[in-house]
Amino acid sequence: LAAAGLGVGDLTAEMATRYGFPNGTRGAVIAAIDRNGFAFAARLAVGMVVVKVDRTPVGSAREFADALAAADPDRGATLSVLRPTGEVDFVVLRVR
């Protein structure tokens with residue numbers, strides 16, 4: 001995860017409320033962004049929730065890390081990222 005320039009955590013009910021997500025939202029919440037990393041260049045931000053990596057649903061930080069590790073480093077990983085507004089962004093993240 002450090003190579004991608006972000007840190008994630010499990011999305012708890014308390015965090016979901018704090019960031020404005022509905023109850024029951026599952027995923028890996030972005031907890032930290034390295035301003036010099038790929039995640040910052042891809043316009044990811046703290047508080048967004050990753051719900052899929054390359055079409056694989058993720059419900060926790062561990063599932064996110066496993067899916068990202070399985071991504072093709074030459075192609076990168078396509079993330080489905082949920083914003084508190086309910087919008088879903090699709091971001092290609094380099095994983096080298």
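The questions and answers below concern the fold, the salt bridges and selected residues of a predicted model.

Q: In what order do the elements of the protein run from the N terminus on?
A: The secondary structure of this predicted model comes to 3 helices and 6 strands. Read from the N terminus on, these elements follow the order β-α-β-α-β-β-α-β-β.

Q: What radius of gyration does the protein have, and how does this value stand against the globule rule?
A: The C-alpha atoms fill a box of roughly 35 × 25 × 20 Å along the principal axes. For 96 residues the globule rule gives 12 Å, and the protein comes close to that value, so it is as compact as a globular protein of that length. The radius of gyration of the protein is 12 Å.

Q: What percentage of the residues in the protein is buried?
A: A residue counts as buried when its relative accessible area is under 20%. The protein exposes about 5,500 Å², of which carbon and sulfur atoms supply 51%. Among the 96 residues, the buried ones make up 42%.

Q: Is serine 80 buried or exposed?
A: Serine 80 is found in strand S5, and, leaving aside neighbours within four places in sequence, it is in contact with Val49, Val50, Val51, Lys52, Val88, Asp89 and Phe90. Its relative accessibility is 9%, and the limit for this class is under 20%. Serine 80 therefore counts as buried.

Q: Is aspartate 74 buried or exposed?
A: Aspartate 74 has its place in the loop between helix H3 (61-69) and strand S5 (77-82). Its relative accessibility is 65%, and the class in question begins over 50%. Aspartate 74 therefore counts as exposed.

Q: Which parts of the chain does the pair of arginine 75 and aspartate 54 tie together?
A: Arginine 75 forms a salt bridge with aspartate 54, in which the closest N and O atoms are 3.2 Å apart. Both residues are partly exposed, arginine 75 with a relative accessible area of 48% and aspartate 54 with one of 22%. Because the two residues lie in separate loops, the pair ties together parts that are 21 residues apart in sequence, namely the loop between H3 and S5 and the loop between strand S3 (49-53) and strand S4 (56-57).

Q: In which helix do aspartate 66 and arginine 62 lie?
A: Aspartate 66 forms a salt bridge with arginine 62, the closest N and O atoms being 3.2 Å apart. Aspartate 66 is partly exposed at 43% relative accessible area, whereas arginine 62, at 57%, counts as exposed. The two residues are 4 residues apart, about one turn of the helix, and both lie in helix H3.

Q: What is the N to O distance in the salt bridge of aspartate 89 and arginine 83?
A: Side chains of opposite charge can pair when their charged atoms come close. Aspartate 89 is partly exposed, with a relative accessible area of 23%, and arginine 83 also counts as partly exposed, at 28%. Their side chains meet in a salt bridge with an N to O distance of 2.5 Å.

Q: How far apart are the mean positions of the positive and negative charges of the protein?
A: A search of the whole structure finds 4 salt bridges. The protein carries 11 positive and 10 negative charges. The mean positions of these two sets are separated by 4 Å.

Conventions
Residues numbered from 1 in each chain as written. Predicted model: local features only at pLDDT ≥ 70, side-chain atom pairs only at ≥ 80, totals over all residues. Heavy atoms only, no water. Buried < 20%, exposed > 50% of the residue type's maximum accessible area, 1.4 Å probe, protein only. Contact = heavy atoms within 4.5 Å. Rg over C-alpha atoms; globule rule 2.2 N^0.38 Å. Areas by Shrake-Rupley, 256 points an atom, 1.4 Å probe, with all protein chains shown as cover. Lys, Arg positive; Asp, Glu negative; His and termini not counted. Charge placed at Lys NZ, Arg CZ, Asp CG, Glu CD.
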